[in-house]
Amino acid sequence: MHSFGYRANALLTFSITILALMCAMASLSDNFNSPTPSAQVQVLNINWFQKQPNGNDEVSMTLNISADLQSLFTWNTKQVFVFLAAEYETPKNSLNQISLWDGIIPSKEHAKFWIHTSNKYRFIDQGSNLRGKEYNLTMHWHVMPKTGKMSADKIVMPGYRLPVEYR
Amino acid sequence: MVTQPYLSFELQEPNTFSVSKKKESRTIPNPTNAHTTMGWVADTLHSVNSIQLRELFNHFITLGLIVTSALVIWKALICVSGCQSPVVVVISPSMEPGFGRGDILFLHMSKDPIRAGDIVVYNIDGKDIPIVHRVIEVRERQNTEEAYILTKGDNNPSDDRVMYNPGQKWLQEHHIMGRAVGFLPYVGWVTIIMTDIPVLKYILIGALGLLVLTMKE
């Protein structure tokens, strides 16, 4: 009954149960956090805007991104992945969602930032629909926990418009 | 204060017991002597045999119960998550520092459309190793609502087109096996070590089986 194997088994089971319980509680405690993040994006310049030889429009722009994501961080947050996506509708596609810039925020100290950058990924349309196109810039974030449930949310910033002529 | 009466009760108990036991032991041998010695040996042998057989069956049933309940839990997870493999282990560093080698991801396959930012597990046609990466671009067709998806690992310098089949530019819905919703660090190392050193797996399974079979009630 009280052999070595029996005790080792009991100890192992107990410690794994406690560990699982602690992980679950850490994950559940995230629900008590109600974040209030903010973000602003300015399109400072359209660097160039042209039609590729294959007929697709491509645009390069300079962006000024500032955000305060400090309230997303809890004690169970490993990192926050943040990215800015351009979203628009064309006659061909009901949704075009293109990531323009992304970054990894490792800690709360780095969660209030501003960055001056040109788009990291290419902004190319499937077709030639970008002249004068109205689009949304959406700031998405993805909270990666130390353990447990992952969560994501976004701020949609509507009302951006591309130039009417290529340049 | 409370323990005192309990102690005095225990001291009394063995005395009365030993007296009654002595009386019993004197009376019992008489009827057994009436039987032949051969019959007595066969009787004991039979009873010992039946006990061992019963215990052996008991152990096998316990073992079967453990295996089947593990299977039931796994199948239930498949039903709830809607994925063929609801739990995956990360083996490559392409999503560092979010997910490292040995971390476990829980997948879910919902009806919600896939959007940029989602972490998806996909399987390229003709390749058997599923990949966990983030969606960075989505094109959804106007009338068919077919989605064309491009992925990239957070830690990779470029997108995944180089990993797709030659000529393949997009992932489509049938490539996607699930979406990562939960995360558990380090636990997957057990699986990684056991796949790297297969002998260890057999030793572990053998030892566990032996433990269950030789376990005393």
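A residue counts as buried if 20 or more other C-beta atoms lie within 10 Å of its own, with C-beta atoms placed from the backbone. I needed that for my first entry, and I'm keeping in mind that this is a predicted model.

**Entry: helix α5 of chain B**

I looked at α5(B) and counted buried residues among its 17 residues; the count is zero, so by that cut-off the helix is hardly covered. Next I checked its length. Helix α5 of chain B runs over residues 198–214, and at 1.5 Å a residue I'd expect a span of 24 Å. Its end C-alpha atoms are 25 Å apart, which agrees.

**Entry: what UniProt says about chain B**

An unreviewed UniProt entry marks residues 56–77 and 186–213 of chain B as "transmembrane region". I then looked at both spans in the model. Residues 56–77 of chain B are 100% helix and 0% strand, with end C-alpha atoms 32 Å apart. Residues 186–213 of chain B come out at 86% helix and 0% strand, and there the end C-alpha atoms lie 31 Å apart.

The UniProt record, again an unreviewed entry, also places "domain: Peptidase S24/S26A/S26B/S26C" at residues 84–179 of chain B. I found 0% helix and 34% strand over residues 84–179 of chain B, and the end C-alpha atoms of that stretch are 12 Å apart.

**Entry: where chain B touches chain A**

How many residues does each chain put into the contact? I get 20 from chain B and 29 from chain A. On chain B's side, the elements giving two or more residues are β4 (131–141) and β6 (176–184). By type, I sorted chain B's side into 10 nonpolar, four polar and six charged residues.

I followed β4(B) across to chain A. It pairs with strand β4 of chain A, residues 93–105, in the antiparallel sense, over five bridges. One pair I noted down: A:Leu95 has B:Glu140, in β4(B), as its bridge partner.

**Entry: the domains of chain A**

Which domains does the assignment give for chain A? I read off domain 1 at 1–30 and domain 2 at 33–161. Their C-alpha centres lie 42 Å apart. The two do touch: the contact takes five residues from domain 1 of chain A and eight from domain 2 of chain A. On domain 1's side of that contact I listed two nonpolar residues, two polar and one charged.

Definitions and conventions: Residues numbered from 1 in each chain as written. Chains lettered and ligands numbered in written order. Predicted model: local features only at pLDDT ≥ 70, side-chain atom pairs only at ≥ 80, totals over all residues. Contact = placed C-beta atoms within 7 Å. Helix = DSSP H or I, 4+ residues; strand = E, 2+ residues; numbered from the N terminus. Nonpolar A, V, L, I, M, F, W, Y, C, P; charged D, E, K, R; others polar. Pairing = 2+ DSSP bridges. Domains from an automatic or database assignment. Expected span 1.5 Å × (residues − 1). Buried ≥ 20, exposed ≤ 12 C-beta atoms within 10 Å, placed from the backbone. UniProt positions renumbered as here; feature names shortened; annotations may be inferred.
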